[in-house]
Amino acid sequence: MSTAVKTINEPARETPCLLEADVVVVGGGTTGPMAALAAARQGQKVVMIERFGSLGGNMTLGLNTKPSGVLSGGLPLEIWNLARSVGGVGADYVATTKVKDVKISSPCDPEMMKMLLTRLLHEAGVRVLFETVVSAPVLEDGVVTGVIIEGKGGRQYVGAKVVIDCSADADIAAGAGAPYILGDGDSHAVQPVSMYFTMSNVDVPRLARWAEANPDEVPARAIPEDDKDLDYGLWLTGFNNLVKKYQKEKGIQLQRENITLKTANGVLYVNATRVLGVDGLSPLELSDAMLEIYRQIEAYAKFLVEMVPGFEGARISQIAPVMGVRETRHIQGEYMLSGNDVIDCVPFDDTIAADNCAMDVHEVKGADVDFQGLGPYEIPYRVLLPQNVEQLLVAGRCISADHVAHGRTRNMPACMATGQAAGVAAAVALKSGTTVRDVDVSKVQAVLREMKMPLKAAEIA
């Protein structure tokens, strides 16, 4: 039997130009808005392209809502404080983990954050293209000069002097020929995929008091003392013993014994599903995983109702419309941030952010979730620079970081920080008449410091 892949020939075509910009940002998730806003505020004409009809990605559409660490400065903290001023974010809190306590920025109201991000970008002059897919980069002699888009207007082209790839999967960088590794780089093993859902009619005070009285059941947690702070302040991770008991009683096998519950805007969010070994670049595997996740959501909702105090009258309220993919491509940049770098807090002369995210690893073979509080670390500019292609920066989940370092850099604060830095670097390079590879990093750092972004680990308390 032949194993050859069937192909078709597409006729050559002329592709019309829709827009020209100084900076094109691909992806309007957690990372892209930071890049677009940073570049626009530095006087650049910015186009940001987003495949869905709202901004925020996994933070909003994915119902994740919570940074796994603290937002220490710059645009991320500005936006969080703005959301807090209108009731869309609660007070930051400290969570107890197996290793040490972790300061965590409060979750956000995802719907309010969608509106806030859209307004901020519009006010800064960013042209956002919603419901538009970027299908390929445009290259001229190894230089990215724009992107091909697909939407209701058909196939079109958006020109750019600099492109920032915030696609999470490094789609543009990979399409431009930049080298990358998939997952751990050896067996291509990746962290599992999952999907959030919410439950209504939960007696949250009852849940909180039960968790407070049962630390063995919920060893990692943040429980506010005052019930008035429960709308944004409850975070519980564990439930392993109850899950094991439930499996034995029901004669079933759930895919994850360690689950997380949290509140945001008074709603109870559930992170319980897990599918192992999914290639996040395969439409077939993603589709199969989605079917399995829906089965798991139903099972975990029943578990919560039958086993966890406070859920007796609860029911499923909302299921995220997008899957949470934790790991796919890691671009190989001018430097590859290592696990040792983020654990030992190695300093860098070209640092563009200091980050204090937790080490949050969902083991590839399905072992218990490893959520650890560690010291702050630094992210060098070189991890944003893909090899072998010019005028392209990467930011967010796909930066040049290895499988272990990814346990920290994939989290929202780090993604937001690298997006901000990429936007500033693109603007500084264009103003200086140089390339993003040859930009004076000290000038980039100066702008970031003006934005009150900590760059050295020692600057984070």
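**Ground rules.** I'm working with a predicted model, so I noted that local features need pLDDT of at least 70 and side-chain atom pairs count only at pLDDT 80 or more, while totals for chains, interfaces and linings use all residues. Residues are numbered from 1 along each chain as its sequence is written, and side-chain values use heavy atoms, with hydrogens and water left out.

**Whole protein.** I found 12 helices and 21 strands; these are DSSP runs numbered from the N terminus, helices being H or I with at least four residues and strands E with at least two. The radius of gyration is 22 Å, close to the 23 Å that the globule rule gives for 461 residues, so the protein is as compact as a globular protein of that length. (That radius is taken over C-alpha atoms, and the rule is 2.2 Å times the number of residues to the power 0.38.) I also noted that 59% of the 461 residues count as buried, meaning under 20% relative accessible area with a 1.4 Å probe, protein chains only.

**Helix α1.** Next I checked residues 32-41. Nine of the 10 residues of α1 are buried, so this helix is largely enclosed by the rest of the structure. Among the buried ones I listed Gly32, Pro33, Met34 and Leu37. What covers them? The cover includes β1, β2, α2, α3, β8 and α11. Just after α1, I spotted Gly43 with a positive phi of about 90°.

**α2 against α3.** The axes of α2 (residues 74-85) and α3 (residues 110-123) come within 11 Å and cross at roughly 125°. Axes here are lines fitted to C-alpha atoms over the stretch in contact, with angles from 0 to 180 degrees between N-to-C directions. That makes α2 oblique to α3; under 35 degrees would be roughly parallel, over 145 roughly antiparallel, 65 to 115 roughly perpendicular, and the rest is oblique. I wrote down that Ile79, Trp80, Leu82 and Ala83 in α2 meet Met113, Leu116, Leu117, Arg119 and Leu120 in α3.

**Leu393.** Last stop: this residue is in strand β21 (residues 392-394). Buried or exposed? At 0% relative accessibility, Leu393 counts as buried. Leaving aside neighbours within four places in sequence, I found Leu393 in contact with residues including Val163, Tyr381, Pro386, Ala422 and Val436. Leu393 and Gly27 are 366 residues apart in sequence and 13 Å apart in space, C-alpha to C-alpha.

Technical notes
Contact means heavy atoms within 4.5 Å. Buried means under 20% relative accessible area, exposed over 50%, partly exposed in between (1.4 Å probe, protein chains only).
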